[in-house]
Amino acid sequence: MILKGIAPLIVAGPDQLSWLSGEKYRPALEASQAGAVMVPADFEFDRDERPVLLRTERPELAMALAARLFLEPPVHPGRVMEGAVVDSSALVAEGATVYPLAVVEAGAEIGEGAVIHSLAYVGPGVKIGPRTVIQPQAAVLSGVEIGADCLIQAGTVIGADGFRFVQDQEGAHVKIPQMGTVKVEDKVELGANAAVDRAFFGPTLIGRGSKIDNLVQVAHNVRMGPDCALAAQVGISGSTSLGRGCILAGQVGLADHIKLGDRVMIGAQAGVAKSIPSGEMWLGTPAGPARKAARVFASWERLPDLLKRVRALEKKMAELEAGPEEAKEE
Amino acid sequence: MILKGIAPLIVAGPDQLSWLSGEKYRPALEASQAGAVMVPADFEFDRDERPVLLRTERPELAMALAARLFLEPPVHPGRVMEGAVVDSSALVAEGATVYPLAVVEAGAEIGEGAVIHSLAYVGPGVKIGPRTVIQPQAAVLSGVEIGADCLIQAGTVIGADGFRFVQDQEGAHVKIPQMGTVKVEDKVELGANAAVDRAFFGPTLIGRGSKIDNLVQVAHNVRMGPDCALAAQVGISGSTSLGRGCILAGQVGLADHIKLGDRVMIGAQAGVAKSIPSGEMWLGTPAGPARKAARVFASWERLPDLLKRVRALEKKMAELEAGPEEAKEE
Amino acid sequence: MILKGIAPLIVAGPDQLSWLSGEKYRPALEASQAGAVMVPADFEFDRDERPVLLRTERPELAMALAARLFLEPPVHPGRVMEGAVVDSSALVAEGATVYPLAVVEAGAEIGEGAVIHSLAYVGPGVKIGPRTVIQPQAAVLSGVEIGADCLIQAGTVIGADGFRFVQDQEGAHVKIPQMGTVKVEDKVELGANAAVDRAFFGPTLIGRGSKIDNLVQVAHNVRMGPDCALAAQVGISGSTSLGRGCILAGQVGLADHIKLGDRVMIGAQAGVAKSIPSGEMWLGTPAGPARKAARVFASWERLPDLLKRVRALEKKMAELEAGPEEAKEE
């Protein structure tokens with residue numbers, strides 16, 4: 001059997017590899033035409049023919065790794081193409097590609113095998129690491145440093161000015177110059193139309209291996225440890241820090257100047273105003289520890305009923321206080 | 001009388017058409033200089049001269065249709081213009097316009113009368129349907145299909161990678177390759193700086209006639225039925241589906257893998273974690289049916305008072321339990 | 001002593017100026033190597049040598065102003081550069097710069113000293129005021145007017161169509177043509193990847209000196225008074241107005257057709273559905289006056305406990321009602 005691709009159980013054919021994410025997909029497995037299926041190591045299944053079962057500790061991880069074997073890697077010409085606008089003082093390493101209508105400004109450095117797509121903008125003095133890909137219409141502004149093996153998706157802006165102003169006597173907002181930069185470490189991925197602000201001083205830091213989804217806001221002087229994952233539309237305010245492996249669900253907001261420890265998890269739409277110790281999961285707005293917050297959520301829907309019950313108690317109490325005779329007369 | 005334009009009641013002149021949205025605008029109508037006004041069929045008005053009243057079931061709908069008559073349709077040259085970067089293997093239909101500095105990659109197909117504005121990006125193998133308009137700085141990435149008569153506004157990205165990772169033993173996020181695409185059906189409109197992710201497998205689907213506002217996030221494998229309307233900054237998580245005619249107010253978030261029926265309505269900023277049957281309106285975070293949620297909202301502001309009332313009840317109860325004498329002694 | 005730059009206390013060297021934001025930074029001041037430090041007028045400090053103390057009412061404001069003295073202003077060539085695409089009917093004032101691959105459409109006017117960066121788009125009939133800077137990949141669409149000394153950061157779209165549709169009998173959304181424009185007054189700053197919609201009729205207005213952060217949505221016909229500040233991911237719905245000096249924290253949402261007075265402040269993630277008088281601070285969703293809302297937030301976490309207490313009261317009440325004997329028997 002030669003496997004030529006990878007596909008979910010219900011669409012995979014005899015020449016394709018598939019995987020079983022969990023017990024609840026057993027019926028899909030039974031009906032599947034897949035040639036081979038990666039299953040958990042202890043999975044019990046009594047058919048001994050097709051599909052061939054490949055046992056592995058973590059089928060979904062195996063699938064993520066196996067899928068790459070079947071994907072044809074995109075081929076890039078490995079040179080500055082006609083129609084690209086590259087300043088003569090920029091350094092483009094061997095094997096890097098700059099597509100037509102991409103802009104690379106003075107003093108920028110593009111690493112080996114990096115790809116700057118059409119209509120992407122690489123500002124003055126920017127450093128782009130080896131094999132990093134900058135998609136169309138992404139903007140990497142003046143002085144920003146991006147590590148190796150990163151993916152900056154379309155429309156994302158790295159290095160916008162931090163949002164810091166001081167009001168003068170007349171109430172006008174006087175801008176505090178943003179003199180810092182952004183440092184994006186290796187293996188980071190940013191989704192589409194996200195925004196990462198430069199620091200007031202020093203760097204805003206996106207730690208190694210962190211993954212950031214579409215439309216996320218990362219403010220000035222934020223520092224996030226390695227391997228964080230931020231879902232879409234998350235917003236992180238200025239000078240807040242996240243430890244290693246924090247996971248934020250969609251539309252979460254973090255206040256400024258707070259500190260999240262390692263492996264902190266935050267539920268969708270939560271609004272976090274306080275620092276959080278390592279390993280905790282928080283929910284809600286204002287956010288609190290998950291177990292407590294979940295109990296609060298659960299009590300909300302009983303609140304209208306609770307109001308009635310308290311009113312009933314007050315009535316009875318008034319009757320009791322009025323004395324046994326009157327109460328009985330009613 | 002020749003009408004030359006359309007304008008709201010308070011600014012319309014004698015050669016302009018206007019409309020009455022509701023009874024509360026009667027004073028504006030009385031003061032209006034408009035030449036003609038579209039009013040509800042049963043509207044009573046005792047002036048018999050100007051403005052001429054045009055009776056119609058739905059004046060606002062009539063206005064939307066009439067306004068088009070007065071707008072000069074934009075004229076496009078109907079050809080690939082100098083300075084556009086179009087791959088030689090791309091097919092540009094007759095009457096389509098590709099403006100200077102627009103990019104159309106290999107194998108892309110641009111339909112009749114379609115318009116690709118300057119600085120827009122059309123990726124490899126993309127299909128753009130007839131009369132569809134792609135505004136400046138929108139990016140339609142590799143393999144995405146867009147139907148006829150769509151409008152993709154400036155800065156919007158269609159076909160970014162879905163945000164799916166599996167953590168390995170060391171906590172690193174391993175990317176699950178996103179092998180699918182996005183299919184945008186006919187008459188869809190997307191606002192500015194929105195993001196639609198490609199599916200893990202198969203297509204993310206934006207159904208016919210759906211309208212999506214600015215800065216909206218549509219994750220991988222979402223499917224939305226025809227005629228949905230999503231207001232600004234809405235976020236829809238992976239693999240969630242919306243039926244026909246769903247309406248989501250601003251900043252709503254939908255969890256992953258849930259299912260909204262037909263004509264579901266969701267109030268602003270709601271966070272929806274469960275599937276919702278057809279025809280229901282939900283509010284709040286976590287969201288619930290509107291009537292119930294509105295009662296919960298209304299009880300919140302009475303909560304501090306409720307705490308006091310319960311404390312008072314407990315005190316009285318303690319006095320009662322202590323027996324009549326002691327209670328009276330206090 | 002010659003000062004050559006500005007830096008925070010902990011990194012400033014002997015040839016740098018620093019500042020003291022508040023008493024809590026006293027240890028940093030004591031350890032600082034800064035040559036001179038701006039401190040509050042009444043600040044007491046017993047070292048009489050270095051650093052030299054510069055006394056001022058508001059050190060942070062002084063820092064914002066002083067920082068500019070040390071920053072080298074960017075130098076622009078002051079002309080239309082080769083590779084820019086400028087329509088022959090556009091007017092580019094003396095000293096304005098249009099960089100390569102920027103697009104300036106027919107009838108647009110670029111003011112003295114304005115800068116249109118590479119890959120920025122200036123639509124037909126747009127007016128850009130003197131010294132205003134349009135960053136890469138920003139789009140200023142047809143007919144929009146931008147005043148003097150503005151900064152429009154990368155990826156921001158001004159003049160997208162307002163999101164207004166009327167449903168017809170079949171449930172299809174019929175677009176209401178957006179015939180208006182956007183007027184951005186002087187000294188306005190917009191962050192990265194924000195979106196400002198054109199009005200249905202007349203202008204959407206961003207008042208003088210207002211500052212808008214990344215990923216903010218400003219809908220059609222919004223009017224905001226001078227000196228407003230909107231943090232990241234705020235969304236303002238159609239036809240809502242903000243007075244002078246309003247400050248909105250991150251991820252706030254304002255409903256449509258409401259009116260905020262002058263100097264209104266809104267806490268992060270709040271959802272505002274009602275008009276707010278001048279000078280008030282509101283919080284929460286649905287938002288209410290801050291003091292009241294803060295009390296509500298504080299009572300939430302006591303809600304699960306409150307439910308138990310009411311249950312206990314009900315039990316005791318039932319016992320009391322059942323009469324003294326039975327109650328005692330239990």
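## Loops, a parallel sheet and a helix crossing

In this predicted model, the loop between strand E12 (127-128) and strand E13 (133-134) of chain B holds Arg131(B). The phi of Arg131(B) is positive, near 65 degrees, and this residue is not a glycine. With a relative accessibility of 46%, Arg131(B) counts as partly exposed.

Is Leu215(C) buried or exposed? At 2% relative accessibility it counts as buried, because the cut-off for that class is under 20%. Leu215(C) sits in the loop between strand E24 (211-212) and E25 of chain C.

Strand E25 (residues 217-218) of chain C runs parallel to strand E28 (residues 235-236) of chain C, and 2 bridges join them. Within this pair, Gln217(C) stands opposite Gly235(C). Both strands belong to an open sheet of 10 parallel strands in chain C, ordered E5-E8-E11-E14-E17-E22-E25-E28-E31-E34. At its edges lie strand E5 (85-86) and strand E34 (271-272), each pairing on one side only.

| Cis peptide bond | Omega |
|---|---|
| Thr285(A) to Pro286(A) | near -5 degrees |
| Thr285(C) to Pro286(C) | about -5 degrees |

Pro286(A) is in the loop between strand E35 (281-283) and strand E36 (288-289) of chain A. Pro286(C) is in the loop between strand E35 (281-283) and strand E36 (288-289) of chain C.

Now for the helices. Helix H4 (residues 303-322) of chain B and helix H4 (residues 303-321) of chain C have axes that come within 10 Å and cross at roughly 35 degrees. The crossing is left-handed. Among the residues that meet are Leu303(B), Leu306(B), Val310(B) and Met317(B) from H4(B), with Leu303(C), Leu306(C), Arg309(C) and Lys316(C) from H4(C). The residues of this contact comprise 13 nonpolar, no polar and 5 charged.

H4(B) itself has 20 residues and reaches 29 Å from its first C-alpha to its last, close to the 28 Å expected. Which residues of H4(B) are buried? They are Leu303(B), Pro304(B), Leu306(B), Leu307(B), Arg309(B), Val310(B), Leu313(B) and Met317(B). Their cover includes helix H4 (303-322) of chain A, helix H3 (290-300) of chain B, and helix H3 (290-300) and H4 of chain C. After H4(B) comes Gly323(B), with a positive phi near 100 degrees.

Methods
Residues numbered from 1 in each chain as written. Chains lettered and ligands numbered in written order. Predicted model: local features only at pLDDT ≥ 70, side-chain atom pairs only at ≥ 80, totals over all residues. Heavy atoms only, no water. Axes fitted to C-alpha atoms, helices over the stretch in contact; angles between N-to-C directions. Helix = DSSP H or I, 4+ residues; strand = E, 2+ residues; numbered from the N terminus. Left-handed = near helix turned anticlockwise from the far one by under 90°. Contact = heavy atoms within 4.5 Å. Nonpolar A, V, L, I, M, F, W, Y, C, P; charged D, E, K, R; others polar. Expected span 1.5 Å × (residues − 1). Buried < 20%, exposed > 50% of the residue type's maximum accessible area, 1.4 Å probe, protein only. Pairing = 2+ DSSP bridges.
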